[in-house]
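Please open the structure in your viewer and keep the selection tool at hand.

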Amino acid sequence: MESDLPNRNQEEIFPPKPILFGVLNITSDSFSDGGKYLREDLALAKAKSLIEEGADVIDIGAQSSNIKAEPISEDIEWDRMKEIISELKKEKVAISIDTFRPYVIRKALEADVDYINNIRGFVDPESLDLLKVANNKSTKFVAMFSQDHSIKASEFSDLKPENVVPLALEFFRERTKTFESLGLADRLILDPGMGFFLSPDYKVSFAILSKITEILSEFPNLMVSVTKKSFLGNALGGLPVEDRIVPTAISETYLWSKGVRMIRTHSPKSFLLAMKTWEMSHGVYSPQRGLQGPGPFGTSSYRP
């Protein structure tokens, strides 16, 4: 028997698939996967896996920003990622570098990476000076909001559910003006930060989620990263990192449904499966895309 649900086009009711930034942590102390990918071969295998799952960009971080992370030198940070960048560029993989250090920003610009993702939001003069000469590049810049714009997350915060959105919007307006003065406003992507970057109180992060439409109405060029973050675990009774996959996928699906253009995630496959299920639950039966043949590494890429 044929379904009585209309075979509706995806474009009629849903935004396009977001650009997915697959997380590659080349660190010893990241909260989710610290120590797993310090070896170059393991890091490249992880990058390959993320691409196969559906990542559009590999977001490489070599300095952890979690609460208990210890700082490494800028030289070690760059040394951890430079060969990975070189190998991924050979395969024409889009690359994002997650760094707040001017030295690494300069090196990343020289390597012609596609994105620089800065948890401090490019608030320091040294980083802004580097961007002044970036007009001849195509690199885009992700500026993240956080409770104190420091080099890592914190257990202390003055942000509250009632003031976090106004303060994030104020920061985004100021960053937009700064990037306009540099002639780079069209390459600015804004990130509202989540989890301990905002507050140990999970309600602060959920305040951002609940107002995401309001934020998007003024700043549509948004990237959001909820992936396995502390606020999801804390809100659901203290879930450990490994049990946050479902809450992550649900939150990411919600963000996509509201029109967020870029999502940074540990598991592109989980999000894409959730997105596809959500579409079909609303009567959207786009052609099965399945395995699309050879990806950038000569293997099949996952595209539900």
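Axes are lines fitted to C-alpha atoms, for helices over the stretch in contact, and angles run from 0 to 180 degrees between N-to-C directions. This is a predicted model, in which local features need pLDDT of at least 70 and side-chain atom pairs count only at pLDDT 80 or more, while totals for chains, interfaces and linings use all residues. Residues are numbered from 1 along each chain as its sequence is written, and side-chain values use heavy atoms, with hydrogens and water left out.

Select helix α6 (residues 164-181) together with helix α7 (residues 202-210), which pack at an angle of about 65° with their axes 9 Å apart; helices here are DSSP runs of H or I, at least four residues, numbered from the N terminus. Next, show the side chains of V164, V165 and A168 in α6, which meet V204, A207 and I208 in α7, a contact (heavy atoms within 4.5 Å) that has 6 nonpolar, no polar and no charged residues.

Then select T227, K228, I245, T248, A249, E252, T265, S267 and S270, which line the largest cavity. Helix α10 (residues 245-258) gives the largest share of this lining, 4 residues.

Finally, colour the model by pLDDT, the predictor's confidence in each residue, from 0 to 100: the protein chain averages 87, and 84% of the residues score at least 70. Select residues 1-6, where pLDDT stays under 50 and the model has 2 contacts beyond four places in sequence.

Note on methods:
1 Å grid on protein atoms, 1.4 Å probe; cavity = no way out; pocket = protein on both sides within 12 Å on 5 of 7 lines; lining within 4 Å. Helix = DSSP H or I, 4+ residues; strand = E, 2+ residues; numbered from the N terminus. Nonpolar A, V, L, I, M, F, W, Y, C, P; charged D, E, K, R; others polar.
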